[in-house]
Amino acid sequence: MSGAIAILGAGGFVGARMLEMSFLAGRTDIVPVVRSFRSVARVANLGMSHRLGDASQPESLERALAGCEVVVNLTTGDPADILRTTRSIYRAAVASGVRLLIHASSATVYGQVAQPDLPDDSPPQLDHWMPYAREKGLAENFLRDMMAERRLDIVVLRPGLIWGPRSPWVIRPAVQLASGSAYLVGDGGGICNLIYVDNLVRSIEAVIAHPRQVSGFYNVADDETTTWREYYAAFAAGLGVDPATVHTVPADRFRTGLGGLAEELKKLPPYQWLKYRLSPETKSAIKLRLKLAFDRDGPAQSGNSASPEVTRDMWHLQTTRHPLPTSRFKAAFGHQNRSSFASGLAASLAWLRFTGFDQGRAQDSPGQGSAP
Amino acid sequence: MTLELMAVGCGTVFDQYYLPALQKLESRGMVRVVALVDPNPGRTAGIQKHFPSAGAFATPAEAFAVTTPDLTIIASPPNLHAEHALSAFRAGSHVLCEKPMAASVGDAERMVAAASAAKRVLAVGMTRRMYPCLTEARALIASGALGDDLSFVYREGGVYGWPVSTDFAFRRATAGGGVLIDKGTHVLDFLAALFGRPTAAAYADDGYTEGVETNCRIGVEFPGARGTVQLSWSQPLVNGFHVHGSAGELTLHPWRLDAVRFRKKGGPWETRISAATWPGDLRQEGKRGTPWTYEECVYYQIVQSLRAVTHGEPVPVTGEDGLLIVHTIDSCYRRATPLRLEWLPEAEQAQADSRHWSRRQ
């Protein structure tokens, strides 16, 4: 391969890990592309040269992709921007003469994986209640149409929950277990559909290295089928938390709690409008006064006492019944899952320890609290 | 009395923190912003809208040729702080320099010497010194409430979210380093305010040959206290400051700037609210207030710097204080070793070790 590999969304969780793995493997053909300079900070230790490219400004993206043979789209952000961003990236890739566009979609486009052996090119569920899933589905449909035009090779990867060090899917269970607010829906027998972040990066690398045209849709997931009960039990054991503290919530239907309502409110346009218009000073003053108004300011909690806050997305994820079929990817690109569940868990626990995580202190969780 | 003020460096720090504070000060008649300096005319033009009396200049030399402000706020990239401060002192202006004071010990020493020779105030913008909780923590420690053999852990980390307008903070040549220079300057100064002179005993980070550190861990000792500081730009940490002594322990309140949590050995936790206040204007017996937010701390810090000019009062952080922190950071970098990232596969850890920036020397 002669050209470079552009990583869009290089400052995100997966993008940063892909850069780190590539750097430590001695690769020199990676071009990180970020929307703004702040995204450089996360990987500033690597000392790589970044290019600025904003999908909302196609000409800037086109400049960023100059000389690149492959584009890996790992961008994240507001669901409302997903389709527009995908179109913009595709057009910039075509204009720049890119050979291969790898687009990270999500298994959420399927909803809850309602049947076993779901074909990889099954159409996305466009009436999904979750805006993220709907918009990812619309982006997939756009790329499906563009595949037919054959102007470049397009590979859409559909990972499930991407876990590992620094993942929200590690932080969330650890925080919940430590605070006693972890919960399982029903008997916890729902399927997690996990993919360890390193396995995902290796899958992307395998697509890049593939010698032939391979346009299409491919599910990617870890080899093991892990239930939510097993996932929480593994973290509970690793963190020294009594698994009996994990709550059970009914599986018959989702019931919104106060926390869920607050989350829904945050997604409403007026909240989003205000969020981006208030000055930082006003935002901090409002936050502080709200906290002072509602804070009970009790002593430091010893953990294992909080109530679960069941969110709609978590409830739906936990009611997934079938594992994501991945045989199509393996047939095309080979087996890339070198990290097992056990090794991924060990790495995730090592990372939690590095962050200072201590299950005995409910308020001591990564990202919680702030040292002023 | 209205003091004239110049700002050198009109990037994100100025825009987010100094601009609102200076608007307040100008509306209250305490200052008049007379000059804005930045090589990017778009930035000065954007800020000029808020300060009608201010002229826009590309360099400090151009500005000092037409005006001599009472106080110059320096918020330019750290590698330019010394040059800009020295220009200000030569022109006869006092200086409030944003942290980090300088990108090298040599620069910081030149700044202190120049301020002394010009008999001008050199204040360093370490906003956390204005936190009322610092006063409360210091009083508790000084009273012996924690006993002796003090040990502490200070962790501060999260994915970097500061809306920077350039990448100078991520290059060793312009910033001098990474998260240690950025967050570590604040943290080490906060600890120095509590415990006294710091000595770096151990230091490890994750910077590679061409990069700057995004994670670091410092073993640091003070007269009567020792502990660990851990900082991150790339990932969330279990943030907080916890001091443990033979007779009790103390933590900062997770989100209140005016409170600490304290408990005697074996006793229940209690929240202590600080009654510390700072002058809110330039009158001798003027109004005092307690800052509740970071932005309010910036306001009080500027007021205190102005009072140093008008009344000869001490500034919260002097050039000598700032120099001490620059020395400590320099000492950290001199003893840098690779930070062990135990979650990485062994082959990657070996690569990380061999490509650590300290190996290039």
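A residue is called buried under 20% relative accessible area, exposed over 50% and partly exposed in between, with a 1.4 Å probe and protein chains only. The model is predicted, so local features need pLDDT of at least 70 and side-chain atom pairs count only at pLDDT 80 or more, while totals for chains, interfaces and linings use all residues. Residues are numbered from 1 along each chain as its sequence is written, chains are lettered from A and ligands numbered from 1 in the order in which they are written, and side-chain values use heavy atoms, with hydrogens and water left out.

**Two loops of chain A**

Select A:Arg150 to begin. This residue is exposed, with a relative accessible area of 70%. It sits in the loop between helix H4 (131–149) and strand S6 (153–159) of chain A. Helices (H or I, at least four residues) and strands (E, at least two) are DSSP runs, numbered from the N terminus. The phi angle of A:Arg150 is near 55°, a positive value in a residue other than glycine.

Is A:Arg166 buried or exposed? With a relative accessible area of 17%, A:Arg166 is buried. Its phi is positive, about 80°, although it is not a glycine.

**A helix pair in chain A**

Select helix H1 (residues 13–24) and helix H6 (residues 197–209) of chain A, which pack at an angle of about 70° with their axes 10 Å apart. Axes are lines fitted to C-alpha atoms, for helices over the stretch in contact, and angles run from 0 to 180 degrees between N-to-C directions. H1(A) and H6(A) are therefore roughly perpendicular to each other; angles under 35 degrees count as roughly parallel, over 145 as roughly antiparallel, 65 to 115 as roughly perpendicular and the rest as oblique. Residues making the contact include A:Phe13 and A:Met21 of H1(A) and A:Leu200 and A:Ile208 of H6(A), where contact means heavy atoms within 4.5 Å.

**A helix pair in chain B**

In chain B, select helix H1 (residues 12–27) and helix H9 (residues 294–311), whose axes come within 9 Å and cross at roughly 60°. H1(B) and H9(B) are therefore oblique to each other. Among the residues in contact are B:Tyr17 and B:Leu25 of H1(B) and B:Val298 and B:Leu306 of H9(B).

**Strands of chain B**

Now select strand S8 (residues 199–205) and strand S9 (residues 215–222) of chain B, which pair in the antiparallel sense over six bridges. Two strands pair if DSSP finds at least two bridges between them. Which residue of S9(B) is the bridge partner of B:Tyr203? The partner is B:Ile218. S8(B) also pairs in the parallel sense with strand S17 (residues 337–338) of chain B, over two bridges. There, B:Ala204 has B:Thr337 as its bridge partner.

**A loop of chain B**

Finish in the loop between strand S5 (94–98) and helix H5 (105–118) of chain B, where B:Met101 lies. B:Pro100 belongs to the loop between S5 and H5 as well, and the peptide bond from B:Lys99 to B:Pro100 is cis, with omega near -10°. B:Met101 counts as buried, at 1% relative accessibility. Leaving aside residues up to four places away in sequence, B:Met101 touches residues including B:His81, B:Met111, B:Leu122 and B:Gly319. B:Gly319 is 218 residues from B:Met101 along the chain, yet their C-alpha atoms are separated by 8.0 Å.
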